[in-house]
Amino acid sequence: MSLKHKDLLGLQELSPEEISLILDTAIPMKEVLNRDIKKLPTLRGKVVATLFYEASTRTRSSFELAAKYMGADTMSLAVATSSVQKGESFRDTAETIEVMGVDLVILRHAMSGAAHYLAQCLKASVINGGDGWHEHPTQALLDMYTIREKKGTLNGLRVVIMGDILHSRVARSNILGLVKMGSEVRVVGPPTLMPRDIEQLGVKRYYSLDQALAGADVINVLRLQLERQQKGLFPSIREYHQHYGLTPERVRLARNDVLVLHPGPMNRGIEIAPEVADGAHSVINQQVRNGVAVRMALLYLLMGGGAEV
């Protein structure tokens, strides 16, 4: 089985079988990370470019490492010092990169739909590294991989996604993927940070964090995205933490073996207490490691790797 499209633009386009394929393919990729020599010839001769119009640490770095571990060459475009600053259009920048021989472009952009537009313009494959408030599919895939690795399945789990749902592309991709894979998804946050028609995605809406956490198998804590917000959506940082911060006391409302996830970067002491972020239930560092494996799997599947892993 293979992916049906040349691009990964969002989880909305993927079937449950394709999601399972990606997660299954990531298993041997993770084994590579434990080797002394983390290098495969699988994608030798291929070129991967990262085109990030927004800041990133984890997504960009893990994609570049994933490409290098698979044997591909990498090209990283620093938008702040590129011809974009001279007025070059988004499309012209991408086409310039493609004619240099790039096989796959990873894009992060502030505009929702930017990755879909780019995929229509290029013959090269495109991976959405996050577009506006729309989707962040690879983050959701690594989250699902981490959950499945620890729990053995995604089907039937109670997953709580908490915090700034309105501005979160991570939340949307996780909802789309988890619902397809049979999880019960609960979303919880302030009314001002909750999309109006969120139930149409197949989730249960809560405004009380304590109620949402009751019996949860997984808690995915979202970053409070202060840079995307208008003023007045909540009274203060202190009050946000008081009502919607994940504390050790609130973790105890969930199941004894609950997993705590966070896509990063964390606002410690705001959406998550330091004791929780560093506690026994946290799999936040494992998420980062698994992100490399999942992105290796995607590069392999999209660029037609043929060598044995």
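Predicted model: local features only at pLDDT ≥ 70, side-chain atom pairs only at ≥ 80, totals over all residues.
Let me begin with strands S1 and S2, which run parallel and are joined by six bridges; two strands are said to pair if DSSP finds at least two bridges between them. The names themselves come from DSSP runs, numbered from the N terminus, where a helix (H or I) has at least four residues and a strand (E) at least two. Within this pair, Val 48 stands opposite Thr 74 in S2. S1 is also mostly covered, since five of its six residues are buried, and buried here means under 20% relative accessible area, while exposed means over 50% and partly exposed lies in between, with a 1.4 Å probe and protein chains only.

Residues are numbered from 1 along each chain as its sequence is written, and side-chain values use heavy atoms, with hydrogens and water left out.

S1 and S2 belong to an open sheet of four strands, with parallel pairing and the order S2-S1-S3-S4. At the edges stand strand S2 (73–78) and strand S4 (125–131), each with a single partner strand, so one side of each is left without a neighbour in the sheet. On average, neighbouring strands of this sheet are turned by 15° against each other, direction ignored; for such angles, axes are lines fitted to C-alpha atoms, for helices over the stretch in contact, and the angles run from 0 to 180 degrees between N-to-C directions. Further along the sheet, strand S3 (residues 104–109) runs parallel to S4 and is joined to it by five bridges, with Ile 106 standing opposite Ile 127 in S4.

Across this sheet lies helix H2, which covers strand S1 (47–52), S2, S3 and S4 and runs at about 155° to S2. In H2 (residues 58–69) we find Arg 60. Is Arg 60 buried or exposed? Arg 60 is buried, because its relative accessible area is 18%. Leaving aside neighbours within four places in sequence, Arg 60 is in contact (heavy atoms within 4.5 Å) with Thr 50, Phe 52, Ser 76, Leu 77 and Ala 78.

Two loop residues deserve a look as well. Asp 103 sits in the loop between helix H3 (90–99) and S3, and it is partly exposed, because its relative accessible area is 26%. A polar atom of the Asp 103 side chain lies 2.8 Å from the backbone nitrogen of Val 47. Lys 123, in turn, is placed in the loop between helix H4 (114–121) and S4, and Lys 123 is exposed, with a relative accessible area of 79%. Apart from neighbours within four places in sequence, Lys 123 is in contact with Lys 6 and Glu 98.

Now to a pair of helices. Helix H1 (residues 16–33) and helix H5 (residues 137–151) pack at an angle of about 70°, with their axes 10 Å apart. They are therefore roughly perpendicular to each other, a word used for 65 to 115 degrees, whereas angles under 35 count as roughly parallel, over 145 as roughly antiparallel and the rest as oblique.

Strand S5 (residues 158–162) is mostly covered, with four of its five residues buried, and five bridges join S5 to S6. Val 159 has Val 185 in S6 as its bridge partner.

Finally, a cis peptide bond, with omega at about -5°, joins Gly 264 and Pro 265, and Pro 265 lies in the loop between S9 and helix H10 (274–277).

Notes. Polar contact = N/O pair within 3.5 Å; in protein donor to acceptor, adjacent residues only side chain to side chain.
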